[in-house]
Amino acid sequence: TGAVLGIAEQQISSGFTFSGTVKNLLNKVLPDLGLVWSIQNNYLQIVPVTAHNGDVAILINQDSGMVGVPSQGDGFVQFQALLNPRIVPGCPVRIDSQTINGFFKVKKATYSGDSHSANKWLVKCEAVRINANQALIPNRGNSFAVIA
């Protein structure tokens, strides 16, 4: 409900029908409510766009496992780090590098590694800038178990 997520209650006065996948339904309905979703460890997470899923920003710098140099895209940054299970979509990070500094919310995380090669275990991320106050807001998202 709106009270649980901290958003205004909204009603669809003329009714609503939908045919398709749950993924497509979430992509259609949640943006109008100011929410984003992801699935992490078999849990559906629904988080307000202006919030994040965590209460402490994870430091990303050369001493904490940053790999290479972060780059800036159109409205987002990309970075790589040694594998860290706390870096998931929705989590806040603080990037501290020569080229990019500040607080960001991870939008996409891709994990790679192989126990049978010399490749490092990495997480490649895309993140969007948030202000320091947003980075310190306690977790305002909700998680729901996904039963398969």
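Accessible areas here come from the Shrake-Rupley method with a 1.4 Å probe, and for residues only the protein chains shown count as cover.

**Entry 1, overall.** I looked up the surface: the protein exposes about 9500 Å², and carbon and sulfur atoms supply 53% of it. The model is predicted, so to speak of local features I need pLDDT of at least 70, and side-chain atom pairs count only at pLDDT 80 or more, while totals for chains, interfaces and linings use all residues. Residues are numbered from 1 along each chain as its sequence is written, and side-chain values use heavy atoms, leaving out hydrogens and water. Of the 148 residues, 34% count as buried (under 20% relative accessible area; exposed is over 50%, partly exposed in between; 1.4 Å probe, protein chains only).

I found 3 helices and 9 strands (DSSP runs numbered from the N terminus: helices H or I of at least four residues, strands E of at least two). E7 covers residues 101–112. E6 (residues 92–96) pairs with E7 in the antiparallel sense over 5 bridges; pairing requires at least two DSSP bridges between the strands. These two strands form a hairpin with 4 residues between them, and Ile95 has Gly102 in E7 as its bridge partner. E7 and E8 (residues 122–130) run antiparallel, joined by 9 bridges. In E8, Glu126 stands opposite Lys108.

Tyr111 forms a nonpolar surface patch with Leu83 and Trp121, about 310 Å² of accessible area together.

Conventions
Patch = residues over 30% accessible without salt bridge, like charges linked within 9 Å, V, L, I, M, F, W, Y side chains within 5 Å. Salt bridge = Lys/Arg side-chain N within 4 Å of Asp/Glu carboxyl O.
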